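The sequence and the structure are shown first.

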Amino acid sequence: MTIRKLTGWFTIFAVVVLLPTATIAQTPRLVEAAEDAMLRSSKYMVDKVSTNGGYVWFYMPDLSRRWGEMEAYKTMVWLQGPGTVSMGHTFLDAYQATGDEYYYQAAAKATAAIVWGQSKEGGWNYMIDFAGDRSLKQWYNTIGKNGWRLEEFQHYYGNATFDDDITSDAARFLLRMYLTKMAPEYKPALDKAISFILESQYPLGGWPQRYPLKYDFNKNGLPDYSSFFTFNDDVIWENINFLIQCYLTLGEERFLEPIKRGMNFYLISQHGSGGWAQQYNMNLEPAGARTYEPAMLLPTTTYGNVMLLLRFYEYTGESKYLTRIPDAIEWLEKTRLPKKMTDNNQYTHPTFVEIDTNKPVFVHRKGSNVKYGYYYYDYDDKNLLSHYRGKKTLDLDRLKAEYKRLKALPPEEATKNSPLKVAAFTESGTPQTFYSLNRYSSSQLPTEGQVSELISTLDDQNRWLVKHASISHPYTGEGRKQNPTDQYHDAFVGDETDTSPFRDPSDQLYISTQAFIKNINQLINYVKFNKGYSKTEDRLKAGR
């Protein structure tokens with residue numbers, strides 16, 4: 001059986017996988033039970049949990065408190081996965097697997113929430129507050145402001161963000177909703193989002209973290225980084241990826257130039273040493289961001305950017321994307337952690353590398369809360385942060401092998417599956433119908449035993465409850481403890497005034513959108529495969 005590798009929610013390159021034979025056994029009654037469990041659990045989430053069609057991440061069972069990346073008001077929903085956008089995608093997956101119109105309407109409700117929260121320029125913030133601007137500002141002034149390690153929530157900008165795939169993923173979902181039924185009602189919001197992404201791209205090809213540009217949050221005397229060219233959290237790549245998806249499905253040549261300009265930014269931003277930073281200022285100098293993200297080069301960013309350059313060669317066949325990869329590999333070799341810092345070979349690289357010296361740099365913190373606590377960095381690899389790890393593991397052998405493989409391919413061979421290549425469409429249907437389907441790249445389909453267990457673990461209200469959710473201290477005011485203690489140096493949260501999230505160690509149960517999505521996807525895989533298998537079997541029996 002052929003499964004396709006996802007790019008966002010649709011496919012570009014085909015790969016072949018072997019499916020476990022245990023999944024081929026046909027049990028129509030279990031398929032029906034799986035569909036029934038999908039519907040019952042979905043109705044609970046839509047009818048009881050959602051807020052105007054949108055979702056956060058975790059809820060108390062009685063819905064008395066709720067959390068996205070931070071605690072949310074009852075009037076708020078979260079865009080970032082596993083929030084509203086992820087839930088919308090899941091409902092569309094269920095619709096395409098079952099044909100049940102209920103799931104399409106559930107996705108439409110999520111879309112309505114997303115469209116409601118779209119900025120006048122066309123982008124999105126992390127969350128949507130249906131109580132409006134005055135409520136959202138109050139949230140930022142209280143809960144957001146006191147999340148010590150979540151500095152991106154400590155200031156109300158009033159604009160949109162590309163961080164954490166927020167705007168690009170919301171736009172991608174709108175594109176998918178439009179393509180699923182070619183429904184014209186979704187086209188205006190989609191066009192608005194596309195215009196926003198095109199307008200916010202810098203002439204050099206990169207994107208800022210937030211747009212429209214703002215410069216009014218100077219924390220600890222550091223410049224506001226939200227206008228800087230941003231690789232962190234794949235800001236630039238996710239925008240390029242979305243524009244490629246638009247090019248494939250909307251068929252407009254106008255997307256090609258910004259796509260190519262975005263890809264070229266990876267070339268012009270590479271440091272002379274061979275590495276990359278997470279952010280760059282307007283002079284293309286490596287820049288810091290949050291106070292625990294100093295102006296350094298990053299092996300992880302470098303590794304990821306090299307892998308993307310290899311992909312760009314597959315897209316274009318242009319050798320310029322391969323030219324300086326050896327410099328990056330050499331830099332990655334030079335910046336390996338000294339043996340004594342690898343923690344018994346558990347890690348290969350530091351998170352941050354000092355420019356020019358190539359010394360590993362490590363970040364620490366002191367204090368108890370956002371008001372009196374602070375981050376600092378030095379060359380000492382002891383007492384590191386837990387919420388932002390100071391050491392990483394990179395597979396350089398894999399990167400070298402992929403570079404060697406692609407370098408040996410002539411351009412015409414490398415680009416045979418390129419989404420940018422001039423070619424007739426040869427897949428089934430049209431690009432709109434073909435790419436609106438969600439094809440799973442995983443070969444892990446659940447067994448009948450696993451499906452039965454999923455069904456049986458739904459509670460009497462049709463919920464999958466989980467322990468150890470990511471929760472937080474309730475807002476009680478600003479920090480008062482001023483002592484520069486090391487007590488919280490490796491904790492996810494400081495004292496009782498810190499509203500940063502942490503994992504609940506107790507046995508308290510929670511409603512979880514992540515658990516819902518994971519379980520529904522397993523049932524979707526089972527239903528989709530067995531229904532598809534049955535149809536194939538019927539055709540074979542009929543001699544067709």
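The model discussed here is a predicted one. The side chain of Lys400 forms a salt bridge with that of Glu333, with a distance of 2.3 Å from N to O. This pair connects distant parts of the chain, since 67 residues separate the two partners: Lys400 belongs to helix α12 (residues 396-407), and Glu333 belongs to helix α11 (residues 325-334). Glu333 is likewise partly exposed, because its relative accessibility is 29%.

## Other salt bridges

How many salt bridges does the structure hold? The count is 32. One of them joins the side chains of Arg463 and Asp459, at 2.9 Å from N to O. Arg463 is buried, with a relative accessible area of 9%, whereas Asp459, at 21%, counts as partly exposed. The limit that separates these two classes is 20% relative accessible area, and residues under it are called buried.

A further salt bridge brings together the side chains of Glu413 and Lys416, at 3.2 Å from N to O. Glu413 is partly exposed, its relative accessible area being 34%. Salt bridges also link Asp165, Asp169, Arg172 and Glu238 into a network.

## Helix α3 and its surroundings

Helix α3 covers residues 101-116, which gives 16 residues. From its first C-alpha to its last, α3 reaches 23 Å, close to the 22 Å expected at 1.5 Å a residue. At the start of this helix, a side-chain oxygen of Asp100 comes to within 2.9 Å of the backbone nitrogen of Tyr102.

Which residues of α3 are buried? They are Tyr103, Tyr104, Ala106, Ala107, Ala108, Ala110, Thr111, Ala113 and Ile114. An α-helix has 3.6 residues a turn, so residues three or four places apart point the same way. The buried residues of α3 pack against the helices α1 (28-49), α2 (84-98) and α5 (166-181), and against the strand β6 (127-129).

## A sheet of three strands

Three strands form an open sheet in the order β9-β10-β11, and their pairing is antiparallel. The strands β9 (229-230) and β11 (286-287) stand at the edges; each has a single partner strand, and therefore one side of each has no neighbour in the sheet.

Strand β10 (residues 279-280) is joined to β11 by two bridges, and these strands run antiparallel. Within this pairing, Gln279 stands opposite Ala287 of β11.

## Two loop residues

Is Thr142 buried or exposed? Thr142 counts as buried, because its relative accessibility is 9%. This residue lies in the loop that runs between α4 (133-141) and β7 (160-161). When neighbours within four places in sequence are left aside, Thr142 is in contact with Tyr73 and Tyr475.

Pro338 is found in another part of the chain, in the loop between α11 and β12 (349-350). With 34% relative accessibility, Pro338 counts as partly exposed. The C-alpha atom of Pro338 is separated by 8.6 Å from that of Thr348, and the two residues are 10 residues apart along the chain.

Methods. Residues numbered from 1 in each chain as written. Predicted model: local features only at pLDDT ≥ 70, side-chain atom pairs only at ≥ 80, totals over all residues. Heavy atoms only, no water. Pairing = 2+ DSSP bridges. Helix = DSSP H or I, 4+ residues; strand = E, 2+ residues; numbered from the N terminus. Buried < 20%, exposed > 50% of the residue type's maximum accessible area, 1.4 Å probe, protein only. Contact = heavy atoms within 4.5 Å. Salt bridge = Lys/Arg side-chain N within 4 Å of Asp/Glu carboxyl O. Expected span 1.5 Å × (residues − 1). Polar contact = N/O pair within 3.5 Å; in protein donor to acceptor, adjacent residues only side chain to side chain.
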